Amino acid sequence: MSKKSTVPYVCSECFYQSGKWLGKCPDCNGWNTFSSDTIDNTKDQMIFKINEITTKSMPRIQSGIKEWDRVMGGGLVPGEFVIITGDPGIGKSTLLLQIAHKISENHQAIYFSSEESLEQIKIRAQRLSCTNEKLFFSDQADISVIIKLAEKHKPELLIIDSVQNCYMQNSDFSHASQSQLKEIAFKLMRLAKEKSITIISSGHITKDGVMAGPKTLEHIVDAVFYLQAEDRFQTRILRSVKNRFGTVDELGFFQMGESGLDEIANINKYFMQDLNPNPGSALVGFIEGTRPILVELQALVLASKFAIPQKVISGIDQTQVVLIAAILEKHLQIKLSLHDIFFKISGGIKIKGSSSDLAIALALLSSYFQRPLPEKSLALGEINLAGQIKPVNYINIFVNEAEKFGIQNLILSTNQKVEATCKITKFKSIYDLLMLFE
């Protein structure tokens with residue numbers, strides 16, 4: 001029981017205590033701030049100085065699946081609340097069951113399914129070979145029951161599939177409403193923090209492709225990950241969009257097979273295997289999270305038959321492509337504004353950053369002149385409004401990755417400093433690029 005003592009007068013601004021009333025606080029110099037109050041002398045202090053806070057080492061919970069652990073920032077943090085969302089049928093439940101199966105080998109885990117019966121879960125677990133006897137299952141959807149079971153069994157990992165299908169008995173809010181969803185998420189967040197239980201929940205998305213709520217859960221949870229489909233190889237991309245304990249924009253790659261989702265150790269191998277030196281094709285590298293990724297840019301430039309030429313661009317910021325086309329037209333006198341421009345990133349990947357400027361320019365010129373670039377060429381460079389080609393950062397990371405896959409020619413800025421075993425072709429401005437198409 002807490003003990004309470006009455007102090008005659010307490011400053012309402014700085015909580016300075018005095019045995020008598022004072023017109024001016026001697027601590028904060030506030031006027032008429034003293035009043036008689038009661039102080040709660042609880043055993044546990046509620047506010048702390050930084051050197052009074054105790055910390056302890058809490059190793060991350062690793063699954064052994066490298067692509068998953070990479071996106072999580074090296075593994076799950078004890079007491080972390082994570083949401084994984086994506087389109088229906090994308091493989092969220094499959095991924096969560098596989099992760100629970102692997103983690104339960106070394107940590108206590110409970111899998112709550114609010115969407116499937118226990119019989120359905122068992123059938124899916126047998127199909128995925130996720131039959132670890134250490135993993136516990138439940139089909140409870142009442143959040144109060146889930147919390148009581150978690151407090152009783154004290155698992156290190158709690159998986160809820162999905163949070164939108166959970167409900168609260170005797171709630172003032174209607175089932176599946178935004179207000180009830182927010183309250184459920186808040187209760188789970190407090191459970192994670194107070195009991196140091198790592199919680200992973202799947203979540204639905206709206207027709208616009210964002211997490212249902214809208215955005216309500218993103219403000220409550222510690223991390224948000226999107227599971228997306230890629231248009232080749234039945235690949236699934238796990239993308240980090242919020243992570244308090246890891247890198248944002250990290251990517252993990254999985255391949256959907258008969259036995260579930262298998263991690264892809266090196267995604268660049270898949271992106272590079274069908275690469276052909278066709279007109280309009282250029283290879284570029286970009287950093288996503290902590291890894292370099294090599295992708296193919298594809299451009300199609302056609303004389304327009306419409307009064308207003310079309311610009312159909314996907315996988316990259318449309319403004320960036322239009323800007324590079326305008327720079328080429330201004331300095332090279334190539335009337336790209338009178339042409340339809342179709343531009344995409346091979347593999348369904350989305351890229352950003354100015355390091356792809358040079359590759360965009362080369363892809364547009366290659367399609368315009370109908371001349372392919374030199375075989376197995378990687379282009380990296382930024383282009384300013386004057387048409388000058390500038391060097392990019394992390395060039396050695398790109399070069400090391402490119403040389404693993406037989407890149408024979410690097411197309412860079414004249415000012416780019418780099419060491420490589422392959423041939424290096426350097427250009428000062430976009431005027432020099434025309435030499436590649438003579």
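**Close-ups of a predicted model**

Phe137 comes out at 30% relative accessibility, so Phe137 counts as partly exposed (buried is under 20% relative accessible area, exposed over 50%, partly exposed in between, with a 1.4 Å probe and protein chains only). One note before the views: this is a predicted model, where local features need pLDDT of at least 70 and side-chain atom pairs count only at pLDDT 80 or more, while totals for chains, interfaces and linings use all residues. Residues are numbered from 1 along each chain as its sequence is written, and side-chain values use heavy atoms, leaving out hydrogens and water.

**View 1. Tyr111 pairs with Phe137.** The ring centres of Tyr111 and Phe137 sit 5.7 Å apart with planes at 50°, so this pair is tilted (rings of Phe, Tyr and Trp, its six-membered ring, pair if their centres lie within 6.5 Å; planes under 30 degrees apart are stacked, over 60 edge-to-face, the rest tilted). Tyr111 belongs to strand β5 (residues 109-113) and Phe137 to strand β6 (residues 135-138), so the pair ties together parts 26 residues apart in sequence (strands are DSSP runs of E, at least two residues, and helices are runs of H or I, at least four, numbered from the N terminus). Tyr111, at 0% relative accessibility, counts as buried.

**View 2. Phe369 and Phe437 make a stacked pair.** Here the centres are 5.7 Å apart and the planes 25°. Phe369 is in helix α9 (residues 357-369) and Phe437 in the segment after β21 (423-427), 68 residues apart. Phe437 is buried at 8%, while Phe369 is partly exposed at 32%. Ring pairs also bring in Tyr368, giving a cluster of Tyr368, Phe369 and Phe437.

**View 3. Asp222 meets Arg244 in a salt bridge.** Their side chains come to 2.6 Å, N to O (the rule: a side-chain nitrogen of Lys or Arg within 4 Å of a carboxyl oxygen of Asp or Glu). Asp222 sits in the loop between α6 (216-220) and β9 (223-229), and Arg244 in the loop between β10 (235-243) and β11 (251-257), 22 residues apart. Asp222 is buried at 3%; Arg244 is partly exposed at 47%.

View 4. Arg239 lies in strand β10 and Glu288 in strand β13 (residues 281-288), 49 residues apart. Both Arg239 and Glu288 are buried. Elsewhere, salt bridges with shared partners join Lys193, Asp222 and Arg244 into one network.
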